[in-house]
Amino acid sequence: MADRRVTASGKDEDGDITKLCNSGEHWSPRPKEDAIRDIENKTHSYYVDRAGHRTDVHVVNEGGKRHLRTTADKTSKNNLDNLPDC
C-alpha cells in the first residue's frame, strides 16, 4: 500500500471534495471515487501534512453519500477544504 501525500484538492460549486492532488505525482489528480475505493480496499492511503501536522484522509458516510475527510485535530490548515485548489 502506497502512502500518498495530498497537497491540494478539487472542489465543486458546493465545496464538496471532487479530487485529491499532489503536483508532479503520477497518481495526481485522483478523482474522489477512485480515492474512496483506494482507501476502502486498503490499496493506498492518503494524508495531508501542513506545518508538521499530519492527518489521514478517511471515508465518511453522510446521508447515504460517501465523502473524503481528514481527521479532526487542533488545526484547520490540514483540512481538505482549506488546501489550495487543483
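Is C21 buried or exposed at 5% relative accessibility? C21 counts as buried, because its relative accessibility is 5% (buried means under 20% relative accessible area, exposed over 50%, partly exposed in between, with a 1.4 Å probe and protein chains only).

**Figure 1. Confidence of the predicted model.** This is a predicted model, in which local features need pLDDT of at least 70 and side-chain atom pairs count only at pLDDT 80 or more, while totals for chains, interfaces and linings use all residues. Residues are numbered from 1 along each chain as its sequence is written, and side-chain values use heavy atoms, with hydrogens and water left out. The average pLDDT of the protein is 90, and 93% of the residues score at least 70 (pLDDT is the predictor's confidence in each residue, from 0 to 100). Confidence is highest in strand β4 (residues 30-31), at 98, and lowest in strand β6 (residues 53-62), at a mean of 91. Strands (E, at least two residues) and helices (H or I, at least four residues) are DSSP runs, numbered from the N terminus. Where pLDDT is low, the predicted coordinates should not be read in detail.

**Figure 2. The disulfide of C21 and C86.** The structure holds one disulfide (a pair of cysteine sulfur atoms within 2.5 Å). This disulfide joins C21 to C86, with an S to S distance of 2.0 Å. The link of C21 and C86 is right-handed, with 60 degrees about the S-S bond. Distant parts of the chain are linked by the pair: C21 lies in strand β3 and C86 in the segment after β7 (65-70), 65 residues apart. C86 counts as partly exposed, because its relative accessibility is 38%.

**Figure 3. The open sheet β2-β3-β4.** Three strands form an open sheet in the order β2-β3-β4, with antiparallel pairing (two strands pair if DSSP finds at least two bridges between them). β2 (8-11) and β4 stand at the edges, each with a single partner strand, so one side of each has no neighbour in the sheet. Strand β3 (residues 17-21) and β4 run antiparallel and are joined by two bridges. Opposite K19 stands P31 in β4.

**Figure 4. Surroundings of R4.** R4 is part of strand β1 (residues 2-5). R4 counts as buried, because its relative accessibility is 9%. The side chains of R4 and Y46 are joined by a polar contact of 2.9 Å (a pair of N or O atoms within 3.5 Å; within protein, one must be able to donate a hydrogen and the other to accept it, and residues adjacent in sequence count only if both atoms are side-chain atoms). Not counting residues up to four places away in sequence, R4 touches H26, W27, R30, D38, H44, S45, Y46 and Y47 (contact means heavy atoms within 4.5 Å).
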